[in-house]
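Welcome, and thanks for taking a look at this one with us.

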Amino acid sequence: MPVDFLITKTELALAYRSVRQMTNRLCQSLTPEDCCIQSMPDASPTRWHLAHTTWFFQTFVLANLSTTSENANSFRYLFNSYYNAVGDQFPRDQRGLLSRPTVAEVYGYRDEVDDAMYDLLENVGNLSPDLVALIVLGINHEQQHQELMLTDIKHAFSINPLKPIFRDDLFELTSETFDTDPTEYSLTNPSNWYEFSEGVYSVGVPSEKVAETSFCFDNERPAQRVFSNGYRIAKRLVTNREFLEFVLDDGYRDSRLWLAQGWDIVQRANRQTPIYWQQSDGQWREFTLAGMQVLQPDRPVSHVSYFEADAFARWAGKRLPTEFEWEIACCERSAEGTNFCDWLIAEGLAIHPRAEASVSSLMGNLWQWSSSSYAAYPGFSPAPGAVGEYNGKFMCNQYVLRGGSVATSGNHVRATYRNFFPTDTRWQFTGIRLAE
């Protein structure tokens with residue numbers, strides 16, 4: 001897995017320390033009991049995320065240097081996610097059944113591996129390009145799990161009748177509305193759309209740009225040229241107000257709006273709203289990482305599946321953008337966003353999507369569903385060895401999301417970043433941007 005971007009050893013050490021500290025900070029309000037629960041098969045206990053991200057550095061970096069943890073052998077099985085080349089894995093849907101190792105022991109494991117990594121980064125001489133690439137991949141891998149930690153604990157707390165608050169020192173949601181008449185921001189207003197002409201565009205990360213990018217996943221390469229018809233893409237995300245209109249118009253009961261598989265799921269599960277919405281005493285509320293809150297109409301609707309996003313777009317007389325349309329628009333406009341996890345925590349703000357009264361970027365706030373199936377770019381080749389299982393083997397039955405969310409660190413995403421989830425995923429911070 002050769003590295004072809006530029007990073008100094010000092011920068012690498014700082015990046016490693018920063019990401020490990022961020023993980024610990026996200027967990028500082030959680031009790032050991034919080035860290036052990038698993039609310040559904042797709043989610044994992046916080047304890048598992050803490051151990052698995054550590055296992056990654058132990059397995060792919062330190063083990064290659066004969067620097068082994070005393071827990072390496074037992075943890076190799078317990079905290080392997082899906083790397084078949086490494087060995088067997090403990091069943092994913094049973095991770096919440098384990099009481100041992102304890103949360104304290106997992107933190108001890110993290111400290112042990114951190115000490116070995118700090119010794120490697122601060123005291124060892126020049127590191128090989130392949131080793132640097134593995135460490136950088138591990139840093140980005142941990143950032144992905146930071147996001148999963150937030151979404152997984154939110155889902156776990158949501159099914160608790162007490163509706164716990166994740167961080168009461170950071171989460172204070174107040175009413176947030178557009179400063180002027182909401183019709184100014186209506187998607188019927190042509191000024192709220194970006195327009196792009198027919199043509200050939202470049203997408204993905206070209207080899208000559210990798211050094212400038214510092215890092216990209218293998219699924220963002222190689223760069224390619226694509227033809228696009230003329231199209232428009234909305235400047236902002238669909239709001240709670242707009243999605244509530246869809247709900248009240250019996251959108252969940254109109255089979256004409258739904259793809260067949262989505263309609264089957266809606267019927268079987270009797271879905272009538274997004275996953276975290278509730279109505280009581282005539283008022284709509286939403287579960288957030290700040291607990292139950294009154295639904296804010298001008299905030300973007302979040303935690304919707306691909307099926308829900310597609311049905312809403314059809315109801316609105318629009319469609320979802322392709323992933324290439326989204327990337328073209330992002331590259332042509334601003335690729336800078338602010339509503340990311342690290343920025344929100346630094347500012348003492350809620351990890352929750354905010355109203356987009358002033359739009360300058362397609363990045364941040366919520367991951368945005370595209371109409372593109374997750375597949376390899378022409379010429380894609382997975383890395384050799386176990387790390388080659390990171391992305392390529394999931395290129396089936398999933399759809400691409402773009403842009404990052406309030407649970408994502410701002411330095412983790414870019415215009416070319418390709419996230420992917422199954423079509424019925426709802427516990428992630430996913431939203432809707434329309435196109436036509």
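Predicted model: local features only at pLDDT ≥ 70, side-chain atom pairs only at ≥ 80, totals over all residues.

## Ground rules

Helices (H or I, at least four residues) and strands (E, at least two) are DSSP runs, numbered from the N terminus.

Residues are numbered from 1 along each chain as its sequence is written, and side-chain values use heavy atoms, with hydrogens and water left out.

Asp-250 and Gln-272 are 22 residues apart in sequence, and their C-alpha atoms are 8.4 Å apart in space.

## Cavities

Rolling a probe the size of a water molecule over the atoms shows where empty space is left. The search uses a 1 Å grid over the protein atoms alone: a cavity is a set of points where a 1.4 Å probe fits but cannot get out, a pocket is an open set with protein on both sides within 12 Å along at least five of seven lines, and lining residues have an atom within 4 Å of a point. Grid points are joined across faces, edges and corners, and a volume is the space filled by probe spheres set on the points.

The structure holds four cavities of 30 Å³ or more, and the largest cavity has about 70 Å³ of space. Among the residues lining the largest cavity are Trp-48, Leu-78, Phe-79 and Arg-95. Sorted by class, this lining has seven nonpolar, no polar and three charged residues (Ala, Val, Leu, Ile, Met, Phe, Trp, Tyr, Cys and Pro count as nonpolar, Asp, Glu, Lys and Arg as charged, and the others, Gly among them, as polar).

## The largest pocket

Which residues lie nearest the centre of the largest pocket? They are Arg-92, Leu-148, Phe-420, Phe-421 and Trp-427, out of 41 lining residues. The volume of this pocket is about 1,000 Å³, and its lining has 16 nonpolar, 16 polar and nine charged residues.

Helix H3 (46-62), helix H6 (129-158) and strand S10 (419-421) each supply at least two residues of that lining. H6 gives the largest share, with seven residues.

Trp-48 lies in helix H3 and is buried, because its relative accessible area is 5%. Leaving out residues up to four places away in sequence, Trp-48 touches Leu-78, Phe-79, Asn-80, Ser-81, Arg-95 and His-145 (contact means heavy atoms within 4.5 Å). The charged end of Arg-95 also sits over the ring of Trp-48, 3.6 Å from its centre (the rule asks for NZ of Lys or CZ of Arg within 6 Å of the ring centre and within 35 degrees of the ring normal).

Thr-46 is found in helix H3 as well, and Thr-46 counts as buried because its relative accessibility is 3%. With residues up to four places away in sequence not counted, the contacts of Thr-46 are Cys-27, Leu-30, Asp-34, Cys-35, Met-149 and Ile-153.

## Aromatic pairs

A search of the whole structure finds 37 aromatic pairs (rings of Phe, Tyr and Trp, the last by its six-membered ring, pair if their centres lie within 6.5 Å; planes under 30 degrees apart count as stacked, over 60 as edge-to-face and the rest as tilted). Phe-56 and Phe-57 form an edge-to-face pair, with 6.1 Å centre to centre and 80° between the planes. Phe-196 and Tyr-231 form a stacked pair, at 5.1 Å centre to centre and 20° between the planes. This pair links distant parts of the chain: Phe-196 is in strand S1 (residues 193-196) and Tyr-231 in strand S4 (residues 231-234), 35 residues apart.

Ring pairs also build a cluster that includes Tyr-16, Phe-56, Phe-57, Tyr-118 and Phe-420. Arg-17 lies over the face of Tyr-118, at 4.0 Å from the ring centre.

## Helix H10

Helix H10 (residues 306-315) is mostly covered, with eight of its ten residues buried. Its buried residues pack against helix H8 (240-248), helix H9 (260-269), strand S8 (367-373) and strand S9 (399-402).

How values were computed. Buried < 20%, exposed > 50% of the residue type's maximum accessible area, 1.4 Å probe, protein only.
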